[in-house]
Amino acid sequence: MYLHYFGLREYPFSLTPDTSFFFDHPGQREALNVLLVALRTGEGFIKVSGEVGTGKTLLCRKLLEVLHEEFLTAYLPNPLLKPIELYRAVAVEIGLTPGPEASFEELLRQLASKLIELAGAGRRVVLLIDEVQAMSDRSLEALRLLSNLETEKRKLLQIVLLGQPELDRRLRDPGLRQLRQRIAFAHRLTPLDRQTVEGYLAHRLKVAGYNGEPLFTGGAIAQLHRASRGIPRLVNILAHKALFAAYGRGVQAADRREVVAAARDTEDASRPSLFNPARWLYSGIALLLALELGAFFFFSRGGMP
């Protein structure tokens, strides 16, 4: 394994959303600041969307980590819940033990009573739901009803929706306009640029215990950015495979060839093009020079005998 070979304490490019590897680049920092500002101002709904693998779950866990004790957080990773299952899950998350036969209306009453109690104790309740684009319209409407619970001063429950771009498209549906209009803050996570990919790689290697020379050449980083399209999850997969390939080849850093091999072995990565315009341009120039030199020597000797 390449851990000891490269002097690492742990694998730097694991897909587990470990907050110790959170990279505070401008995109993630802005998203986290939007969430913190929205929650502290008491807004009801906040939405964060982004493509698969752009770091929504890691951002969510980082938010849970940095919120102060005044916040009581409830996290639902499974969006495939019917309305009554959704209410039951929220109830359990905030400390209730609803009976198995409790009706939808009874659960709503219990939730309202508990949220009022928590507000009286100075606690703010935040519900975070991942992969919201997979929720049914009925469950989304049940969420909207939950957001109606409020005092004269503020909402009793704040809800953070995390989802893929399909969530944005679904919320444009006229049937969900009431929910859409209640979203006070929204942020879109975007892929990393080439420079940020370089910083991302260095950061994760440092957290994993590496302190030597760069493990990825400039060509490898450029290819990583192209093949991953700047999506952090794909960067992790490709970087992990590239380091395995470098270890197998017995070299001290992954080069472009290792990343190309990793991309060809990864389903969603962008494959390197067989047609390289620059290479064909240089080859054409070399061929023209060779022809000109050949013609020069041919005519300088008087042409054909």
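Predicted model: local features only at pLDDT ≥ 70, side-chain atom pairs only at ≥ 80, totals over all residues.
Tutor: Residues are numbered from 1 along each chain as its sequence is written, and side-chain values use heavy atoms, with hydrogens and water left out.

Student: Why is H2 called oblique to H3?

Tutor: Helix H2 (residues 26–40) and helix H3 (residues 56–66) pack at about 50 degrees, with axes 11 Å apart. Angles under 35 degrees count as roughly parallel, over 145 as roughly antiparallel, 65 to 115 as roughly perpendicular and the rest as oblique. That angle therefore makes H2 oblique to H3. The axes are lines fitted to C-alpha atoms over the stretch in contact, and angles run from 0 to 180 degrees between N-to-C directions.

Student: Which residues of H2 and H3 make the contact?

Tutor: Contact means heavy atoms within 4.5 Å. H2 brings Gln28, Ala31, Leu32, Leu35, Leu36 and Leu39, while H3 brings Leu59, Lys62, Leu63 and Val66. Sorted by class, that is eight nonpolar, one polar and one charged residues. Ala, Val, Leu, Ile, Met, Phe, Trp, Tyr, Cys and Pro count as nonpolar, Asp, Glu, Lys and Arg as charged, and the others, Gly among them, as polar.

Student: What makes Ala142 buried?

Tutor: Buried means under 20% relative accessible area, exposed over 50%, and partly exposed in between (1.4 Å probe, protein chains only). Ala142 has 2%, so Ala142 is buried. Ala142 sits in helix H6 (residues 137–146) and touches Pro83, Leu86, Tyr87 and Phe104, leaving aside residues up to four places away in sequence. Across the protein chain, 44% of the 305 residues are buried.

Student: How do you know that Glu131 is partly exposed?

Tutor: Its relative accessible area is 25%, so Glu131 counts as partly exposed. You'll find Glu131 in the loop between strand S3 (124–129) and H6.

Student: Where is Arg229, and why does Arg229 count as partly exposed?

Tutor: Look in the loop between helix H10 (218–228) and helix H11 (232–249). Relative accessibility there is 34% for Arg229, so the label is partly exposed.

Conventions. Helix = DSSP H or I, 4+ residues; strand = E, 2+ residues; numbered from the N terminus.
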